[in-house]
Each structure stands twice: as C-alpha cells, then as structure tokens.
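Look at the structure first, then read on.

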Amino acid sequence: VTRRHPADSSDRRNTIDAYVLEGFRRGEESAVREVYRAYGNLVYAVALRALGRRELAEEATQQTFVRAWQAADRIDVLRDPAPWLATIAKNTAIDVHRRESRRETRAIDSVSAEHPALVTTSPDLAALDAVWQVRQAIDALPPDERAVVRLQYMSGMTHREIASTLGLAIGTVKSRLHRAHGKLANLLSHLREVVS
Amino acid sequence: VSERWGSHLVDEGTRFDASEESAAALLVELLGDAPTWSEPSSALEDAVVGTVRTACARRRWSHRLVRRATAAATAVAAACALVVGLTAQHDARPELRGRLTADGSLPGAAGSAEVYRSRSGFRVALDAKGLPELRAGRYYEAWLADVNGRDRS
C-alpha cells in the first residue's frame with residue numbers, strides 16, 4: 001500500500017466507491033485509509049472551525065471516523081457518503097465542544113477579558129456545513145489555482161504580491177484567479193441554501 | 001447565481017439580494033479563515049486507522065464474548081437437560097418387577113409386570129403373552145395386592 005497524505009495529493013478526490021465502503025464497514029485498514037484520504041481534510045476542517053484547537057480537532061476527527069465505522073452498517077454503500085460523514089463530523093465536533101465547555105480550568109478572574117476561552121458560544125451549524133462545502137470546493141481546484149486563491153484570501157495578498165511570491169506574471173495570477181473564482185462559484189452555488 | 005457569485009469574488013461592486021449577499025460574505029469569510037485551509041498532521045491518518053482498528057477489535061472481542069457466553073449458557077442448559085433426563089430415567093426405573101404366572105383357567109398364559117412410581121402415584125406395565133384376544137370394548141384388569149393378599153388398587 002502506498003501511503004499518501006491528503007495534503008500532498010494533487011488529485012484530491014472526495015468520492016468513494018461502494019467496494020471501499022464495504023471494506024470500511026468491515027474495518028479493513030486499506031479501506032479506512034482510503035475513506036480518510038477522501039474525507040479526512042474535510043472532517044478536520046470542520047472540527048478545527050468548531051473547536052479552534054488542533055489537538056481537539058484531531059481528537060474529534062478520530063472520533064468521527066470511529067463513529068462512522070460504528071454506524072457504517074446502516075448506510076447505503078451505493079450513495080455518496082459525504083453528507084452522512086459531514087453530519088457525523090459536525091455532531092462529534094459539537095460534542096467535544098460541549099465537553100470542553102464544561103471543563104473547569106482556572107478562576108475567571110485570572111483570565112484576561114480578551115482571552116478566547118471566554119467565548120463559549122456553540123459552533124454555528126450552518127457555518128460548519130459551509131466549511132465542509134468550501135473545503136470540498138477548494139480541494140477540487142487544481143493546485144495552481146488553489147495556491148493563488150489561498151494567497152488572496154488567507155494571506156490577504158494583492159495580485160502583484162501573489163505574482164511576486166509565486167514568481168508569476170501578474171496576468172497569469174489574474175487569469176488563474178478568474179478561473180478559480182468561476183469554479184468556486186459553480187461549486188458553491190448551493191451554499192446559498194445553507195445560508196438561507 | 002453562480003455567475004454572479006463568480007463576479008462577486010472578482011468584483012465586489014456587484015449587487016446581490018440579501019441571501020446571496022449573506023452566502024457570498026460567508027464564502028469570503030471562510031476562504032479567509034485558517035481552519036478552512038488547515039491540514040491535519042501527517043500522523044493523524046495512522047491515528048485514525050489505529051483508533052478504528054482498536055474499536056473493531058473491541059467489537060470482535062465483545063462479539064466473541066457474547067458467543068462464548070451463549071455457548072456456555074447452551075452447555076449449562078444441555079447439562080441441566082442431561083441431569084433432568086437422567087433423573088427422569090432414574091425415576092423411570094421400575095419400583096417392582098415381577099414375573100406373572102397363569103392359574104388354571106389360562107394355563108398357557110405368562111408375562112411380566114413392572115410397577116413404576118410417578119408423581120401422581122403408580123403406573124403398572126404389563127407384558128402378557130398367551131392371553132386370548134378380547135372382543136372390542138372389553139379389557140384386562142390388573143390388581144395390586146400386598147404380601148398379605150390385601151388389595152391396594
């Protein structure tokens with residue numbers, strides 16, 4: 001078995017065939033790896049958005065896959081498992097969030113008013129749905145388009161700065177962004193339903 | 001809608017209705033949010049596989065335990081049945097066994113009798129030979145008498 005981490009793959013895919021799902025049901029290691037490689041990033045992104053801490057997000061990701069395996073007998077292997085797995089991921093992240101909210105740490109007087117731990121609002125379910133979909137859309141982009149979108153939105157760079165960072169002509173950056181935006185818009189048109 | 005979203009991402013001057021604006025704002029927010037782009041550690045895949053493997057082994061162990069418990073219960077039930085059977089067999093041993101001899105009225109007749117004790121009293125099994133066949137509606141009777149010849153039943 002060739003191990004390939006999803007972060008390193010350029011042909012990320014978010015689909016799994018029935019044969020793999022059957023193996024996942026049986027707890028076969030190769031099938032579990034394949035399902036993780038297809039959906040691990042999405043589950044982790046949802047968990048990190050909900051929990052804000054990497055170690056908790058990794059814990060929630062593990063729990064999500066265990067819960068999915070435990071419930072796998074009830075799924076239709078011929079259908080796309082993404083919505084089912086997204087629901088498990090959200091619920092698991094919320095459970096971990098609730099557990100952490102109940103955990104006592106230290107006296108509130110000793111924590112500064114700006115400390116993020118003081119914010120105890122529950123994760124926004126619609127936003128978690130949206131994270132899944134946005135991440136799925138990002139993963140579907142070719143690596144060169146994904147890179148320019150990331151620099152524009154995540155790093156807040158201008159076209160000129162992106163061009164300089166990637167060593168590209170500014171026209172290339174603009175055309176890649178234009179293509180990427182079009183694909184994202186197409187892939188994310190259903191995000192409107194999530195918001196409404 | 002998709003095209004307008006696309007143009008929104010390029011040109012923020014595009015006008016949308018309220019739901020489109022909310023969705024577009026959420027999209028832009030998420031594209032700029034670190035968790036959306038986050039990558040789990042490379043060790044997480046093995047951790048996930050290991051956790052599922054452990055859960056799988058636990059379930060198998062649990063199923064095995066149930067199977068063993070079922071087998072043990074079956075064995076106990078079988079043992080109980082055997083004891084009951086043996087007891088029943090023990091009960092089925094005749095309390096008395098005797099050879100029957102004919103009196104002068106039917107000199108060719110012979111047989112044996114076994115008396116069994118049961119919860120409801122006694123059961124007598126007769127095995128007689130040489131008795132003439134009776135016509136329909138008529139039966140032979142068996143009488144128990146003690147050593148003094150007194151009728152018991």
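## Chain A at a glance

Chain A has 196 residues, and 45% of them count as buried (under 20% relative accessible area, with exposed over 50% and partly exposed in between, using a 1.4 Å probe and protein chains only). This is a predicted model, where local features need pLDDT of at least 70, side-chain atom pairs count only at pLDDT 80 or more, and totals for chains, interfaces and linings use all residues. Residues are numbered from 1 along each chain as its sequence is written, chains are lettered from A and ligands numbered from 1 in the order in which they are written, and side-chain values use heavy atoms, with hydrogens and water left out.

Take the contacts (heavy atoms within 4.5 Å) between residues at least 6 apart in sequence: 68% join residues at least 24 apart.

## Two helix pairs

Two packed helices are described by the angle between their axes and the distance between the axes. Axes here are lines fitted to C-alpha atoms, for helices over the stretch in contact, and angles run from 0 to 180 degrees between N-to-C directions.

| Pair | Axes come within | Crossing angle |
|---|---|---|
| α2(A) (residues 29–51) and α4(A) | 9 Å | roughly 30° |
| α4(A) (residues 82–102) and α5(A) (residues 125–140) | 10 Å | roughly 130° |

The angle makes α2(A) roughly parallel to α4(A). α4(A) and α5(A) are oblique to each other. Angles under 35 degrees count as roughly parallel, over 145 as roughly antiparallel, 65 to 115 as roughly perpendicular and the rest as oblique.

Which residues of α4(A) meet α5(A)? They are Ala82(A), Leu85(A), Ala86(A), Ala89(A), Lys90(A) and Ile94(A). Their partners in α5(A) include Leu128(A) and Trp132(A).

## A glycine in chain B

Gly108(B) lies in the loop between β1 (96–101) and β2 (110–118) of chain B. Is Gly108(B) buried or exposed? Gly108(B) is exposed, with a relative accessible area of 64%. Leaving aside neighbours within four places in sequence, Gly108(B) is in contact with Lys129(B) and Gly130(B). Gly108(B) and Gly130(B) are 22 residues apart in sequence, yet 5.7 Å apart in space, C-alpha to C-alpha.

Notes. Helix = DSSP H or I, 4+ residues; strand = E, 2+ residues; numbered from the N terminus.
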